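Hi everyone, thanks for coming. Let's take a look at one structure together, and I'll walk you through it.

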Amino acid sequence: MTPSVTQSAIIFIVLQCLFVPATADANKSNSRYLEVVTETDGSAELKGLHLLLSFTPKAAYSLYFGGGLVYVDLPEQNESFPGLHAFAGVNLNLSRFLGFNLEAGLDIGESLLGDDESNIPSVDPRRSNQIDSNVSAGVVVYFKQLFYLKTYVRYHVFDGYYLPRTSVTMTGIRLGINF
């Protein structure tokens, strides 16, 4: 059995976040973070943990990518489920302490659970199940490169095997701790 593109991406993200310390030590502009994530829109919630690898090619911006496990609760749809996030983003640094953040991500767990040959029914048999996506924008505050606090607005699109296409706009906060 050969791994899919999604499985390969997950393996790449995990290996990069776990085994890049030698590169990060050699080049102090790279940093690894553990993020605690919480998002809500007043009824729906998302909570979880991310591993993130940040690259700082210039002082004006930093690029990053990562992934992690989250738990999503959508009470209006009567659904709760775990998700596997993969994301990439950029922090546009206004100063040493403050930046603007843009990010795009995917919940790739569904693609690991099944594929076209899995015969798992969906809510709408005329539409194939899509990988959940999200985009966000916000502000990041740095505390001496030891940790950061990020606040943002994220637009999520969910459509599970048993979930009709649902979009949610959540406000969120992340605490990233350098390790």
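This is a predicted model: local features need pLDDT of at least 70, side-chain atom pairs count only at pLDDT 80 or more; totals for chains, interfaces and linings use all residues.

Residues are numbered from 1 along each chain as its sequence is written, and side-chain values use heavy atoms, leaving out hydrogens and water.

Okay, back to Glu35. Lys150 makes a salt bridge with Glu35, with the closest N and O atoms 3.8 Å apart. By salt bridge I mean a side-chain nitrogen of Lys or Arg within 4 Å of a carboxyl oxygen of Asp or Glu. That pair links distant parts of the chain, with Lys150 in strand 7 and Glu35 in strand 1, 115 residues apart. Strands are DSSP runs (E, at least two residues), numbered from the N terminus. Lys150 counts as buried too, at 2% relative accessibility.

Glu35 has another partner, Arg174, and there the closest N and O atoms are 3.1 Å apart. This time the link runs from strand 8 to strand 1, across 139 residues.

Then there's Glu39 with Arg154, at 3.0 Å between the closest N and O atoms. Both Glu39 and Arg154 are buried.

Put together, Glu35, Glu39, Glu103, Lys150, Arg154 and Arg174 are linked in a network of salt bridges.

Definitions and conventions
Helices (H or I, at least four residues) and strands (E, at least two) are DSSP runs, numbered from the N terminus. Buried means under 20% relative accessible area, exposed over 50%, partly exposed in between (1.4 Å probe, protein chains only).
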